[in-house]
Amino acid sequence: MSEHPPGEELSLDPQQSSDEADRSEFESEAPGTPSSPQPEQLEGSIAVARAVAACRPQVICAYPISPQTHIVEGLSAIVKKGELEGCEYVNVESEFAAMSVAIGSSATGARTYTATASQGLLYMVEAVYNASGLGLPIVMTVANRAIGAPINIWNDHSDSMSQRDSGWLQLFAESNQEAADLHVQAFRIAEELSLPVMVCMDGFVLTHAMEEVVVPTTEQVDGWLPPYEPRQSLDVNDPVSIGAMVGPEAFTEVKFLAHHKQLQALELIPQVAESYAQHFGREAGGLVRPYKCEDAETIVIALGSVLGTIKDVVDTRRAQGEKIGALGISSFRPFPFEAIREVLQHAKRWLTVEKAFSVGLGGIVSSECRRAMRGLEVPNYTVIAGLGGRPITQASLNRMLDEAVVDDLEDLNFLDLDIELVTKEIQREAATRRSGPIAENLIRDVGVARATAH
């Protein structure tokens, strides 16, 4: 059954066409792998670069922006050494050019990859929408980083969240192992559906962290990822139009079919994850990843690397007799409404820990989860945390949960918010018209406070 908000009716069956044949293809694959590689201590970016190379991309479009730079640098070294044959590595002059080249190469039937982050993702937005609108199966790493102003190079999820309605699939990695595995899965998902996929991994927290990772080999990937057979391609010997203007007579239908493909992805993503686990011997991806949720009265929902910290907190509180669990969302787009509802419906309360928010509204993830829980009156809370790279500590999470488990938490919370600092700026603006730039005022106030403390 397709996942969609309770009460919403679909007018098109997402299982029609070739889905039955696709499912039999997945089910026919036998477990086991050729020559399993050994774990290596690797930087996350290098593990991703090697996993992408194992997928044999034919075009890599590269423009550096922290914290994704080491990924494209790693790929450039692989190409230069001749370890990735038949690949054109294109150095471009901007992120907009990177996505534009990716669109051109994908439209000609080439397996295509690029990477970006933060302001770079915003710079390529026009082309990002074009890629999905044209149905091109580009895979792109988004090394999540805060969006300015003020300038901030550290991690949160505001960049990929800004593109949640762009038509791209968005898969979130909890660890570097999952990041490497998700890139291999992303090519299969993208090319089966003819849709672009963002693999989101936390900037610096994962991209620059050294962890033990088993990187899929080219031989393993060759045995699992089919050769790319594009659903559409430009060919001088058989010319067609891609990206023609569409007027009011068909534009709604085009957009509906884009929505339909997202619903198909809800069926395909778990199939791909299961097939991957059988072939490679480890789990990664899927729609959601419950952790000790079976009897949980309180469930904490999150995306990305913060799940590791949340799981540690869950383990500690479980040891003290508290019924608590964590729910990781691996697929943010498409959003797995029914899978989330299935996990949350028996809890007494749930809360989201989010590394981005909609200014003037509140939580993004929590808003989606509330739609999933429509009709079930379960207390729930939004916790905005980790903005601009602020550490999310076990101590802070425990303080927040102490209030949540007795339902004494505000609906919208900002974890570790310095209320005195905020109040001072509000009072300054009320006292004088020429109060000055907010960011600089706060930096100055923090500096004064630190000097006074010393």
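Reader: Why is cysteine 87 called buried?

Author: In this predicted model, where local features need pLDDT of at least 70, side-chain atom pairs count only at pLDDT 80 or more, and totals for chains, interfaces and linings use all residues, cysteine 87 has a relative accessible area of 15%. Buried means under 20% relative accessible area, exposed over 50% and partly exposed in between, with a 1.4 Å probe and protein chains only, so cysteine 87 counts as buried. Residues are numbered from 1 along each chain as its sequence is written, and side-chain values use heavy atoms, leaving out hydrogens and water.

Reader: What makes cysteine 55 buried?

Author: Its relative accessibility is 1%, and cysteine 55 therefore counts as buried.

Reader: How do you know that the sulfur of cysteine 87 is too far from the closest cysteine sulfur for a bond?

Author: A disulfide is a pair of cysteine sulfur atoms within 2.5 Å, whereas the closest cysteine sulfur, in cysteine 61, is 9.2 Å from that of cysteine 87, and therefore too far for a bond. A search of the whole structure finds zero disulfides; for cysteine 55, the nearest cysteine sulfur is that of cysteine 87, 12 Å away.

Reader: What makes S3 and S12 edge strands?

Author: Strands are DSSP runs (E, at least two residues), numbered from the N terminus, and two of them pair if DSSP finds at least two bridges between them. Seven strands form an open sheet with mixed pairing, in the order S3-S2-S4-S5-S7-S6-S12, and strand S3 (88–91) and strand S12 (331–333) each pair on one side only.

Reader: How do you know that S4 and S5 pair?

Author: Strand S4 (residues 112–116) and strand S5 (residues 139–144) share four bridges in the parallel sense, and at least two are required.
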